[in-house]
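User: I would like to learn how to read a model of this kind, feature by feature. Please give the general idea each time and then the case at hand.

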Amino acid sequence: MKNRGLRFDPRIQFAMLALPGAAFVFVFLVLPLLSIVVFSFWRTERYELIPEWNLENYRIVLTDPTYLTFLLRSLVMATVVCLASVVYAWPVAYFIAKHGGRYRLVLVLLTAAPFLTGIVLRVTALQQILGPIGLVNMALMTFGFEPIEALMYSNVASAIGLVYLWIPFMIVAIYLSLLNFDFELLEVAKVAGARPWRAFLEVTWPLNWIGTAIGIVLVFVPTFAATVTPRFLGGPNGSLFGNILEHQFGATGTWALGSAMGVVLFLVSLAFILLIGRTIDPKRTGFTGIGR
Amino acid sequence: MGDRRRTSFFLQALLLAFLYLFLYFPIFYIAFLSFVENTTWPFPPLYTLEWYSRLAIMSDFHEGLFNSLLIGLGTGALAALFATAGAMALLRYPVRRKALVALLYLGPLFVAEVLIGISTLMFNRNVLGLPGNLFSAILSNTTHALAFAFLVVLSQLVRYDWRMDDAAMVFGARPLRCFFEVTLPSIWPAVLGAFLVSFLLAFNNFEISFYNLGAVPTLPTIAWGTLRHGIEPELYALATLVNLAVFVALLLLYLLIRTGLVRIGLPED
């Protein structure tokens, strides 16, 4: 009887259901992330980690002008891609949420579907449009125009590629926020004499900032750590921090330095997430509970 | 005023149409390229099936396909299992510290894939002593896919009425029996959806798998290698087949979720 009582205890049931997954993430993601913090204070010799504590890796990452350039370039890239995604995703998500009617689920899923085909194939496809022998440049050359240098192997091409890869996240995040938004409020604003732009800036935007903020974070994190896109679209001056990071785990085998770069990458992302998180005012989300 | 509204309506519709063009044109263009001989400037196109027949006899393509399927199946099964259990726990029980649990399930969404890749590589290699192989790749892909699987199950399960389970329990059903005979028959489309999304993410994953696979080839790593050494038209054929499979799978998922909702007897949105 006692056994039976224990089995029906909600706390035990909760733990039995929630803990396996939580423990899995803890062991196979949280611990690995903590482990690279430790390794980042060690050093590497001939492809082997040597447990001798030092700050040399961080000194290199944070003072070497080459690495700093990559870090800064990644930061600028992530900011530009985020801004472009917000500007483009907003009217699209708004349109789907407001006018999509019974098709809005299909419309939003169509924007998200390509995401599941994987970044390598998506970048491959984009390279056939933007690359030097891509459709755009071949068309220009065939019709006797100058090729557009900016589209071939450049940071502009990388930025287009990253928007291409990650804008689905922004659209879905803003869309989900707008689903919980009461469009009647705009009618109220209009009756009160607000022009459409003012109503947007003072009602729609602030009440859906939480969705936009989540979208910004979801685009910023993978863009800031991008490796495949800059490698295949960015060209000679297009390498980003992610590329120099992956390099440490490839040819050079400098695990400790790479770990330090990984930690820096993670800390910058985390700082960005916290910064964005601070701008969210729970009282002004317009969020009335899941599924309501 | 009405005119302005109509203008902004059409402008937004135009932006949406252009977005679809932006997202899908490259995908359809390489599908077109996969059927032509003159891939550099395919106008007028000289149609051929050569790239597909070359792909069919490439042995590392077969090996990669098989390995990708294994990673997808393993990750899909693990992630769907953890996600379903986690979502049920979170929605059903009024327990404190839910936020911490939710953070662990959703946290991977905010960690870059390459970071998951390198940190699990370092941890597996230096702490657990796990070599790079399919098993390691499944483990690290699961943490990433779990976040997406969790969102899929959660989004469907919020509509589920737990009173059905309470009723079954009142009549003496044990929790496990209650799950298989009451809960699962209603929520299986969500579980399948979580499986499918995790399967696809892991099947096509590059940045996590690459670091955990050792020398084991998968379709994304083969594609990456081809891209690195100068593109070969077989890659267009490969990409087209994978894209087609993904869209068929998603269509299936969409139909199932739709009919699944009808089965639960809840209103569509």
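What follows is a dialogue that goes from whole chains to single residues.

Analyst: This is a predicted model, in which local features need pLDDT of at least 70 and side-chain atom pairs count only at pLDDT 80 or more, while totals for chains, interfaces and linings use all residues. Residues are numbered from 1 along each chain as its sequence is written, and chains are lettered from A and ligands numbered from 1 in the order in which they are written.

User: How many helices and strands are there in chain A, and how many in chain B?

Analyst: Helices (H or I, at least four residues) and strands (E, at least two) are DSSP runs, numbered from the N terminus. Chain A has 14 helices and 2 strands. Chain B has 11 helices and 0 strands, and its pattern along the sequence is α-α-α-α-α-α-α-α-α-α-α. The C-alpha trace of chain A spans about 85 × 70 × 30 Å along its principal axes; for chain B the spans are about 70 × 70 × 35 Å.

User: What share of the residues in each chain is buried?

Analyst: A residue is buried if 20 or more other C-beta atoms lie within 10 Å of its own, exposed if 12 or fewer, and partly exposed in between, with C-beta atoms placed from the backbone. By that count, 46% of the 292 residues in chain A are buried, and in chain B 45% of 269.

User: Which residues of the largest nonpolar core touch the most other members?

Analyst: A nonpolar core is a set of buried Ala, Val, Leu, Ile, Met, Phe, Trp, Tyr and Cys residues joined through C-beta atoms within 7 Å. The largest one here has 167 residues, and those touching the most other members are Ala93(A), Ile171(A), Ala83(B), Leu146(B), Ala149(B), Val153(B) and Ala194(B). Helix H8 of chain A (residues 155–179) supplies the largest share of this core, 17 residues. Domain 1 (1–39) and domain 2 (55–284) of chain A both contribute residues, so the core lies between them. Two residues are in contact if their C-beta atoms, placed from the backbone, lie within 7 Å. Setting aside residues up to four places away in sequence, Ala93(A) touches Ile171(A), Ile174(A), Tyr175(A) and Leu178(A).

User: How far apart are the C-alpha centres of the two domains of chain A?

Analyst: Domain bounds come from an automatic or database domain assignment. The C-alpha centres of domain 1 and domain 2 of chain A lie 33 Å apart. Their contact takes 4 residues from domain 1 and 6 residues from domain 2.

User: How many residues of chain B are in contact with chain A, and what classes do they belong to?

Analyst: Ala, Val, Leu, Ile, Met, Phe, Trp, Tyr, Cys and Pro count as nonpolar, Asp, Glu, Lys and Arg as charged, and the others, Gly among them, as polar. In this model 74 residues of chain B are in contact with 71 residues of chain A. Helix H1 of chain B (residues 2–33) gives the most to the side of chain B that touches chain A, with 14 residues. That side of chain B divides into 57 nonpolar, 13 polar and 4 charged residues.

User: At what angle do H6(A) and H1(B) cross?

Analyst: Axes are lines fitted to C-alpha atoms, for helices over the stretch in contact, and angles run from 0 to 180 degrees between N-to-C directions. The axes of helix H6 of chain A (residues 119–130) and H1(B) come within 8 Å and cross at roughly 80°. Angles under 35 degrees count as roughly parallel, over 145 as roughly antiparallel, 65 to 115 as roughly perpendicular and the rest as oblique. H6(A) and H1(B) are therefore roughly perpendicular. In this contact, Thr124(A), Ala125(A), Leu126(A), Gln128(A) and Ile129(A) meet Pro26(B), Ile27(B), Tyr29(B), Ile30(B) and Leu33(B).

User: Is Thr75(B) buried or exposed?

Analyst: Thr75(B) lies in helix H3 of chain B (residues 59–92). It counts as buried because it has 31 C-beta neighbours inside 10 Å. Thr75(B) and Thr142(B) are 67 residues apart in sequence and 5.0 Å apart in space, C-alpha to C-alpha. Beyond its neighbours within four places in sequence, the contacts of Thr75(B) include Ile138(B), Asn141(B), Ser198(B) and Phe199(B).
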